[in-house]
Amino acid sequence: MAARLSGGENRLVSLPLSRIRVIMKSSPEVSSINQDALFLTAKATELFVQYLATYSYKHGRGKEKSALTYSDLSHTAEECETFQFLADILPKKILASKYLKMLEKEKRDGEVGEDEDNDEEDKEDESVEEDIGS
């Protein structure tokens, strides 16, 4: 098989097989890895990355038409159902200032929600005290 050829010759896979082996071995369920399984995993990974890049390039909304950008990839992960599982890995980039404003807003909304909950609890406590007192 061509994957077993020495590094100087043309290879059928571009990804380093030794790194893929390390990643596969990091799983506790894996005790040994067949050379063919390693090759097929590498080839499948390459094909997946190629498909993701091609799809993102064709459907990208980036400013640069002749280049694939991170925003193209993150848009694909967010919008395409096939790539939804990558949304956490390829989040949309936002400015730190916008993120801080979002955090402040969430904190304020959380405090308002807690205040409303506390008001309801106070009312319940008052009604229980009235029942006990009468």
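## Ser 56 in helix H2

Ser 56 is part of helix H2, which covers residues 35-59. Helices here are DSSP runs of H or I with at least four residues, strands are runs of E with at least two, and both are numbered from the N terminus. This is a predicted model, in which local features need pLDDT of at least 70 and side-chain atom pairs count only at pLDDT 80 or more, while totals for chains, interfaces and linings use all residues. Residues are numbered from 1 along each chain as its sequence is written, and side-chain values use heavy atoms, with hydrogens and water left out.

Ser 56 counts as buried because its relative accessibility is 0%. Buried means under 20% relative accessible area, exposed means over 50%, and partly exposed is in between (1.4 Å probe, protein chains only). A polar atom of the Ser 56 side chain lies 2.8 Å from the backbone oxygen of Leu 52. Apart from neighbours within four places in sequence, Ser 56 is in contact (heavy atoms within 4.5 Å) with Leu 68, Asp 72, Leu 73 and Thr 76.

## Two salt bridges

The whole structure contains two salt bridges. The term stands for a side-chain nitrogen of Lys or Arg within 4 Å of a carboxyl oxygen of Asp or Glu.

One of them joins Lys 43 and Glu 46, with the closest N and O atoms 4.0 Å apart. These two residues are three apart in helix H2, so about one helical turn separates Lys 43 from Glu 46. Lys 43 is partly exposed, at 30% relative accessibility, whereas Glu 46 is buried, at 16%.

The side chains of Lys 92 and Glu 78 also form a salt bridge, at 3.9 Å from N to O. Lys 92 lies in the loop between helix H3 (70-79) and helix H4 (96-133), and Glu 78 lies in helix H3, so the pair ties together parts that are 14 residues apart in sequence. Lys 92 is partly exposed at 37% relative accessibility, and Glu 78 is partly exposed at 37%.

## The whole protein

The protein has four helices and zero strands. Along the sequence, the pattern reads α-α-α-α. Of its 134 residues, 19% count as buried.

Among contacts between residues at least 6 apart in sequence, 34% join residues at least 24 apart. The accessible surface comes to about 10,800 Å², and carbon and sulfur atoms account for 53% of this surface. Accessible areas come from the Shrake-Rupley method with a 1.4 Å probe; for residues, only the protein chains shown count as cover.

Conventions
A polar contact is a pair of N or O atoms within 3.5 Å; within protein, one must be able to donate a hydrogen and the other to accept it, and residues adjacent in sequence count only if both atoms are side-chain atoms.
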